[in-house]
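Have the structure open while you read.

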Amino acid sequence: MHRATPAALALTVASALTLTACGGSGGADVDADAEQTLTVWAMGTEGEKLAEVAEAYEKSHPNITVKVTPVGWDVAHQKLVAAAAAGKLPDVMQMGGTYLGEFADMGVLEPVDTTTVKEGDFFPAAWQQASYDGETYGVPWYVDTRVLFYRTDLAAKAGLAKPPATTDELRRAAQAYQDRAKTKWGLSVQPGGLDTVQSFYPFLYSAGGEILTEDGKAVVNSPEAVRALETYGDFFAKGLSEKSVRPGYDVTKDFNTGDVPMFLGGPWIMSLLDENYPDIKGKWAVAPVPADKESVSMAGGSSLAVSADSEHKAAAKEFISSLTGARGQSDWYGRTRDLPANKQAWESGDLATDPKLKIWREQMETARTTPSHPRLTEITSKVDAAIESVTQGKSDAKAALDKAQSEIEGLVE
């Protein structure tokens, strides 16, 4: 979930005009059993780990050489845009949730054959992230969501017998942590800056709000969205959440010291806590996102897509199938701790028996995502600004979201 720079966005618009007109399948496709080299781009940790999987794949597919290029998330969007404009995208590429609609709209991604790749095998939100304008362009690879992390030992000091199940209980719990357990803060949520919307999504979706409808209409100033932002802003107004955090802030450090007793975090944080802070092992737990109308968190993650101009589509699709099937997903979880997008992978091993992982699966069943849109990164930046204006006391929720609504309408028309 990373944003483009203005320069990259300008290039995107220019390349989209060219590529939408000429996008489509390239030359003749090479048979999957022919000797060939697949080029693959993957981002961040996934890019580093995928090379190991590629080596194993080559042993069972001796006619295939898989050339994996790790790409940093900080340059991924710019690199993909430049490659698309030059007609030099790799055969297979990792697509973050905010990217896919943009590149599908350019016409540079090959549609997925949904007669062989079944929607029902994957979490609904993961499939939605891989789709654009009624067509599916990626196969879900791994998923991400947010749940509530909380300190159980400090909860006992605060007189809390169970984790908060509603947003009202969340507010009361945050206050109890401060008043009785003497924590510095009650809850850590992002006050502003890049991708603040990801911290806000669980509040928005649980209240029944959304940014865009399925048909691309802006609805960010709905009564439900306003209610969600009022709830979010209340934590800052009452001094329960910190109004300013330094760049690169690591909430796990304050969670370890007890300054922050609760926060909404992703699955990778469990490993960080276990590895970096063994002294609090057994003193923390995870729980579903506290409900407003219901408990609904955000869905993130990535899918794997094939270039429309690839001459190795058959082999590329087989490689993707090996990564996104239940067995490949279980193996990938063991290597990276990325949560499987394929639901069958959750039926065995730790994924089926670990009580903490059960929370993640349950949360993913109802998780939601904003529909793919070519200008999604720009759209969510308007929501980031609205959230920050509220957390900093510069605007009320209704006025902030009315402004965002007007700006987003100009982007989606």
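## Ground rules

A pocket here is an open set of points on a 1 Å grid over the protein atoms alone, with protein on both sides within 12 Å along at least five of seven lines; a cavity is a set where a 1.4 Å probe fits but cannot get out, and lining residues have an atom within 4 Å of a point. Grid points are joined across faces, edges and corners, and a volume is the space filled by probe spheres set on the points.

This is a predicted model, with local features needing pLDDT of at least 70 and side-chain atom pairs counting only at pLDDT 80 or more, while totals for chains, interfaces and linings use all residues. Residues are numbered from 1 along each chain as its sequence is written, and side-chain values use heavy atoms, with hydrogens and water left out.

## The largest pocket

The largest pocket comes in at about 1500 Å³. It has 47 lining residues, and those closest to its centre are Asp144, Arg146, Gln198, Trp268 and Ile269. By class, the lining splits into 20 nonpolar, 18 polar and 9 charged residues (Ala, Val, Leu, Ile, Met, Phe, Trp, Tyr, Cys and Pro count as nonpolar, Asp, Glu, Lys and Arg as charged, and the others, Gly among them, as polar).

Which helix gives the largest share of this lining? Helix 11 does, with 5 residues. Elements supplying at least two residues include helix 2 (44-60), strand 6 (139-144), helix 8 (196-206) and helix 11 (268-276). Helices (H or I, at least four residues) and strands (E, at least two) are DSSP runs, numbered from the N terminus.

## The second largest pocket

The second largest pocket holds about 310 Å³ of space. Its lining counts 21 residues, with Val117, Val139, Lys317, Ile320 and Ser321 nearest the centre. Strand 10 and helix 12 (313-324) each give two or more residues, and helix 12 gives the most, with 4. Sorted by class, that's 10 nonpolar, 6 polar and 5 charged.

What about charge? The lining of the second largest cavity has 7 nonpolar, 7 polar and no charged residues.

An open sheet of 3 strands runs in the order 8-7-9, paired antiparallel (two strands pair if DSSP finds at least two bridges between them). Strand 8 and strand 9 (284-287) sit at the edges with a single partner strand each, so one side of each has no neighbour in the sheet. The twist averages 30 degrees from one strand to the next.

Strand 7 (residues 147-151) pairs with strand 8 over 4 bridges, and Val147 has Gly265 in strand 8 as its bridge partner. Helix 7 (residues 167-180) lies across strand 7 and strand 8, at about 130 degrees to strand 8. Contact means heavy atoms within 4.5 Å; axes are lines fitted to C-alpha atoms, for helices over the stretch in contact, and angles run from 0 to 180 degrees between N-to-C directions.

## Salt bridges

The whole structure has 15 salt bridges, each a side-chain nitrogen of Lys or Arg within 4 Å of a carboxyl oxygen of Asp or Glu. One pairs Glu52 with Arg335 at 3.3 Å, N to O. That pair links distant parts of the chain, 283 residues apart, from helix 2 to helix 13 (residues 326-336).
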